[in-house]
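Try each task before you read its solution.

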Amino acid sequence: MTYAIDGWFAISEEDGVHLLGTSCAACGTICFPPRRGSCPNPRCASTDMRVLPLPRRGRVWSYTNACYPPPAPFVAPDPYVPVTLAAVELDEVGIVVLGQVKGLTVDQLQVGMEVELTAGPLADGPLVWMWERAS
Amino acid sequence: MSAVAVLGTGMHPWGKWGRPFLEYGVAAAREALRDAGLEWTDVQYVVGADTIRNGYPGFVSGASYARELGWSGARVASCYAACASGAQALDIARTRILAGLCDVALVIGADATPKGFFKPVGGDRPDDPDWLRFRLLGATNPAYFALYARRRMALHGSTPADFAAVKVKNALAGSLNPMARYRKPVTAEEVLASPMVADPLRLMDICATSDGGAAVVLASQEYARRRGTGFVRLAAVSTVTPVFPNTILELPDFATDSCAAVPAPERPFRAAIAHAAYEEAGLGPEDLSLAEVYDLSTALELDWMEDLGLCPPGEADKLLRDGRTALNGSIPVNPSGGLASFGEAIPAQALAQVCELANQLRGRAGARQTAGARVGLAADQGLFGHGSAIIATL
């Protein structure tokens, strides 16, 4: 199993797919993508960032699609099928995360609808996180 | 805060000309100098807004323009701040004048762009979010504009017809502007029949990438007064960064900041950009005669109207429908035709907006003229965290 990017998400048999964020040990600020170095809160000087799995479910903040093939470094499948994208507000941690959507077109999405995290392959093989209809 | 004088402005017509960016910048600069009644050798300080798509000369554009105009020994600076580059270049020149380090400065921005979507700078760069958003998600700039548009529809009930009405308005204004790339009025039917690019935005909802150039001559008020001519004042340049946590998904990011540990600030980033400019100028939205705003998409113009305080959140569509933002309305928005009519030439666009403000305030905007214009605001946003709002007054 090759991930399109290391350290941003994890897939396990027990827990399914999780995005990996970081939590600041001092002020509790949570980040995605995971952050090295210092806390992004300007009033916190901590450099103790701990990796944690983020909630798997959230509500659609907004969505769209790419009717034309995006340029490189995206690898477009041939024939091209429009990529659907959703920005999803994660429960509990107050972060909106953008991702590809699996198995739903824009006509099937709505702002506020519940989705959950899964993974799927890019056209050239490696896996990336994706959103799908909540089970 | 004391102001500096805008002594002259100049532009190269925008389009797809296929020539080096320096040509556009130099043409704009010579026009701005002519407008100011100055020679290049009168300029003590030249600032270039950089372009990242045109090789090394683009990275050091201040010196590149100086060389094209002929090495004169002027002090020089170059800066890049994405779409805020022009505003930041202007601010660098303004600050130097206000510090008393020079009297006359020339600010230049120009770009030559590729066809189609903007792409990340080349190479395999997995540490660069701009590269990664294409690689992992295929998330183009229009995809982000579409997310804002769809969100607006869900929150405020905007419709594709409202978005089309923005394009119709801006295309009409652009048809009256000899510097604009697109000079044909369009109908709502044409917009709504154009190909879908990123649902709900269609081709004619999204601004194109263009070639173009713009330049501004700034001077101290004392210098301008000695010359005995009237001038426009630059009353504010806002270059603020966002305040943590930034809870709007910004290009090219994958995610927002979290508002779980620290609540979201009172003003979101775009509103904060405008607020900082108002505060610096000692003016408010009620003082504006017109506004040039960053209409990367039709829908984004509506968001900006609210962020500028022209109306409460959710009411921009009504202002538009009532004709208030049209050329003869109470607060014309994008009387130049906006990016809808110009397209993006990144380092030039904030300067092009200033050219329009100056033309309007000097009463020489022709058929686009806002009657009695006294105060104009231009808003842009440098992605990756650069604010850009400029206020000019008579």
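A pocket is defined on a 1 Å grid over the protein atoms alone as an open set of points with protein on both sides within 12 Å along at least five of seven lines, and its lining residues have an atom within 4 Å of a point. Grid points are joined across faces, edges and corners, and a volume is the space filled by probe spheres set on the points. This is a predicted model, in which local features need pLDDT of at least 70 and side-chain atom pairs count only at pLDDT 80 or more, while totals for chains, interfaces and linings use all residues. Residues are numbered from 1 along each chain as its sequence is written, chains are lettered from A and ligands numbered from 1 in the order in which they are written, and side-chain values use heavy atoms, with hydrogens and water left out.

**Exercise 1. The largest pocket**

Find the volume of the largest pocket and the residues closest to its centre.

Step 1. The space in the largest pocket comes to about 1100 Å³.
Step 2. Its lining has 38 residues, and those closest to the centre are Phe32(A), Pro33(A), Arg35(A), Asp253(B) and Asp257(B).
Step 3. Now look for the elements, bearing in mind that helices (H or I, at least four residues) and strands (E, at least two) are DSSP runs numbered from the N terminus. Two or more lining residues come from each of β3 (30-31) of chain A and α5 (129-137) and β10 (375-382) of chain B.

**Exercise 2. The largest cavity**

Work out how many cavities of 30 Å³ or more there are in the whole structure, and what lines the largest.

Step 1. A cavity is a set of grid points where a 1.4 Å probe fits but cannot get out. The search finds four of 30 Å³ or more.
Step 2. The largest cavity has a volume of about 100 Å³.
Step 3. Its lining includes Trp14(B), Glu292(B), Asn334(B), Phe342(B) and Gln353(B). Helices α13 (338-342) and α14 (346-361) of chain B are the elements that give two or more residues to this lining.
Step 4. Stay with Asn334(B), in the loop between α12 (316-321) and α13 of chain B. Asn334(B) has a positive phi of about 55° although it is not a glycine. Asn334(B) is buried (under 20% relative accessible area, with a 1.4 Å probe and protein chains only), at a relative accessible area of 1%.

**Exercise 3. The largest nonpolar core**

Step 1. A nonpolar core is a set of buried Ala, Val, Leu, Ile, Met, Phe, Trp, Tyr and Cys residues joined through side-chain atoms within 4.5 Å. Among the 97 residues here, Leu19(A), Trp129(A), Trp131(A) and Leu308(B) touch the most other members.
Step 2. Helix α6 (residues 141-156) of chain B supplies the largest share, eight residues.
Step 3. At least three residues come from each of domain 1 (9-53) and domain 2 (57-133) of chain A; domain bounds come from an automatic or database domain assignment.
Step 4. Contact means heavy atoms within 4.5 Å. Beyond four places in sequence, the contacts of Leu19(A) include Phe32(A), Leu90(A), Trp129(A) and Trp131(A).

Conventions
Buried < 20%, exposed > 50% of the residue type's maximum accessible area, 1.4 Å probe, protein only.
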